[in-house]
Amino acid sequence: MEQSTIAAIATAPGESGIGIVRMSGPQALTTLRRVFRDNRGRKRERFTARHLYLGYIVDEKEQMLDQVLVSYMPGPTSYTGEDIVEVNSHGGALILREILSLLLRQPEVRLAEPGEFTQRAFLNGKLDLMQAEAVIDLIQAKSKTALQQAGRLLRGELSQRVLGIREQIVELLATAAASIDFPEHDIPEITSQRMLEGIGKALQAMEVLLSTSFAGRVLREGLQVAIVGRPNVGKSSLLNALVGKERAIVTDIAGTTRDVIEEYFSISGIPIRLLDTAGMRETEDPVERIGVALAEQTMRDADLVLVVIDQSQPLQEEDGATLDVVAGQRRFIVLNKSDLPSGLTAEDRDKLATEQVFQVSAVTLEGLDELRSAMADLVVQGVLQPESPFVANARQEQLLREAASSLQAARETVAAGWPLDMVQVDLQAAADRLGEMVGLKASADLAREIFSRFCIGK
């Protein structure tokens, strides 16, 4: 690993009471001695670990830049595993840039790349790769629930589960190797049964983790919910009612909504990205046709589709066409205008009997609490247990699926009675994929890609 000393501003841009400039590397303490003076204007040679020292940062001409508090955290018991120095100055953007510029003029110091402090923590064994990814999730959390889950990942709860499954597979590899190396001690039927039981147990544990991947993505990015339906069924009114403000224009004129209107709100600590779309209908208006095409794409990409139907009228042909478009997707049927007499026929109700239906009124707000609760339950109930870690991103999910696929292939090979050395190939592939999840075999390119998403200074 490179032995340079890096520096960066570690606090967010803008004015604040306090700002932090951070250094990490073998020359961090030497650089601090060069630029720091105590309250009497003297150089300080000795710094006790994890103590704060009041004094001044001075430039090459001994001109004071700012009064500061500095601290020293020696490696390997630091965030990066290296010597770390932090300068706590006043939080003006200019003074922070001046202090950083002074540090970068020192021959042993260079500017940190995005995420390089956390990358060094990973390379020095202070964090595994999933814990490092949890750092960015912690910073970018959109809700309290997402914050709590990112904290669990940072503590290594998911890493421990993944490594536990990997250990089961390693034990199976050892069993296969022993059977191959010492065939005279092997009873094939017992060995095969033991392998099948072990593979099944590991697969079951993987399936539990994979079941959390949807919830993990939603808590990190928000549940994307598309509101669809024919014109004038109350889609925009429903959006306004759910978010509690007049966000979308509501008129009696069909085709008012031409573009996709986006709004965020939170339900039970879960961020919801609500998308109001153009009314679904055949139209000759070229602008409205673009809006309908956008609506179709939005509903295909959505995690959940709210199909809004005007229950004061019988089902229309356009209602059926909308239901056909979203067939096979997660969807709720929202029977709007429940404050008006129902116009649905018995046949209409039979068609909706197998759906998850909510009676609401965007005017009186009747039924909205039940709809909100169901949207929250989609993520929480039966998918994510509050005290369980989740698969946090697409990289982790893909590797877990590949590991599960290799295990399934191993099970089929054992069941077919093929030699155990063929089983070893699939078992080793599964163990390797799980190792990649935590970073046991992370490539330099993968590490750069992950840490490039971090801000400079973290």
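A residue is called buried when its relative accessible area is under 20%, exposed when over 50% and partly exposed in between, with a 1.4 Å probe and protein chains only. By this criterion, buried residues make up 49% of the 458 residues in the chain.

The structure is a predicted model, in which local features need pLDDT of at least 70 and side-chain atom pairs count only at pLDDT 80 or more, while totals for chains, interfaces and linings use all residues. Residues are numbered from 1 along each chain as its sequence is written, and side-chain values use heavy atoms, with hydrogens and water left out.

The chain has 16 helices and 13 strands, taken as DSSP runs numbered from the N terminus (helices: H or I, at least four residues; strands: E, at least two).

| Element | Residues |
|---|---|
| Helix α14 | 394-415 |
| Helix α15 | 420-438 |
| Strand β9 | 261-267 |
| Strand β10 | 270-276 |

The axes of α14 and α15 come within 8 Å and cross at roughly 165°; axes are lines fitted to C-alpha atoms, for helices over the stretch in contact, and angles run from 0 to 180 degrees between N-to-C directions. The two helices are therefore roughly antiparallel to each other, a term for angles over 145 degrees.

The bridge partner of S266 in β10 is P271.

Terms used
Parallel < 35°, antiparallel > 145°, perpendicular 65-115°, else oblique. Pairing = 2+ DSSP bridges.
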